[in-house]
Amino acid sequence: RSLNLLIALAFIGFASGMFAQCGLFFSEYAEGSSNNKYLEVYNPTNETVDLSQYALANVSNAPTTTGVHEYWLDFTEGSTIAPGGVYIVAHGSSDASILALANQTHNFLSNGDDGYALVFGSEDDYTFIDVIGDFEGDPGSGWDVAGVTNATKDHTLVRKSNIAQGAEYDWAASAGTDADNSQWI
């Protein structure tokens with residue numbers, strides 16, 4: 001009887017949002033022809049998320065200091081992501097169909113070999129929430145994902161629907177080695 005009561009209370013708490021839910025993560029990444037590039041951040045929670053404490057940190061090709069970002073992009077002041085919504089950062093010269101959905105532009109998105117991280121905190125003190133690639137060195141033309149060579153170049157990656165949180169700084173686990181163990185399609 002008490003076990004059933006605990007299960008019922010846990011369900012009520014989860015359904016009403018009393019328990020912590022997972023945070024934001026990258027749900028899509030595109031590195032297409034020309035400047036058709038974008039990053040999509042998804043909010044799986046049932047609360048609107050204020051992006052003022054989040055940013056995109058990245059490196060270009062091989063980082064100056066291994067493991068440390070070189071560039072920092074704050075989200076536009078006042079930006080939020082609605083529950084179940086996305087926030088799209090696109091290259092400013094992307095196709096009009098991409099720009100129509102973009103919340104913000106950034107003209108230095110990857111050619112497939114730049115590591116990007118969704119982070120929480122300030123530029124001097126932050127926590128990795130999710131990554132595409134890493135800050136460990138130049139991968140060549142791109143990172144392998146799901147067994148596809150250079151998959152971060154000239155491809156769109158979509159996070160599998162069963163993924164509910166970011167990989168923090170564990171790109172290898174996120175990318176996987178084949179279609180089954182990768183978090184991406």
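Is serine 110 buried or exposed? Select it: serine 110 is buried, with a relative accessible area of 3% (buried means under 20%, exposed over 50%, partly exposed in between, with a 1.4 Å probe and protein chains only). The model is predicted, so local features need pLDDT of at least 70 and side-chain atom pairs count only at pLDDT 80 or more, whereas totals for chains, interfaces and linings use all residues. Residues are numbered from 1 along each chain as its sequence is written, and side-chain values use heavy atoms, with hydrogens and water left out.

**Around serine 110**

Serine 110 sits in the loop between β8 (104-105) and β9 (116-122); strands are DSSP runs of E with at least two residues, helices runs of H or I with at least four, numbered from the N terminus. Show the backbone nitrogen of glycine 112: a polar atom of the serine 110 side chain lies 2.6 Å from this nitrogen. Beyond its neighbours within four places in sequence, serine 110 is in contact (heavy atoms within 4.5 Å) with Tyr29, Glu31, Lys37 and Tyr116.

**Salt bridges**

Next, select glutamate 31 and lysine 37. Their side chains meet in a salt bridge at 2.7 Å, N to O (a side-chain nitrogen of Lys or Arg within 4 Å of a carboxyl oxygen of Asp or Glu). Both glutamate 31 and lysine 37 are buried. The structure holds two salt bridges; to see another, go to arginine 159 and aspartate 130, whose closest N and O atoms are 2.6 Å apart. Arginine 159 is in the loop between β11 (156-158) and α3 (171-175), while aspartate 130 is in strand β10, 29 residues apart. Arginine 159 and aspartate 130 are buried as well.

**The sheet**

Now display the open sheet of four strands, in the order β5-β4-β9-β10 with antiparallel pairing (two strands pair if DSSP finds at least two bridges between them). Its edge strands, β5 (71-74) and β10 (125-132), each pair on one side only. Seven bridges join β9 to β10. In this region, glycine 121 stands opposite tyrosine 126 in β10.

**Aromatic rings**

Finish with tyrosine 54 and phenylalanine 120. The ring centres are 5.0 Å apart and the planes stand at 70°, so the pair is edge-to-face (rings of Phe, Tyr and Trp, the last by its six-membered ring, pair with centres within 6.5 Å; planes under 30 degrees apart are stacked, over 60 edge-to-face, the rest tilted). Tyrosine 54 belongs to strand β4 (residues 54-58) and phenylalanine 120 to strand β9, 66 residues apart. Tyrosine 54 is buried at 14% relative accessibility, whereas phenylalanine 120 is partly exposed at 36%.

Terms used
A polar contact is a pair of N or O atoms within 3.5 Å; within protein, one must be able to donate a hydrogen and the other to accept it, and residues adjacent in sequence count only if both atoms are side-chain atoms.
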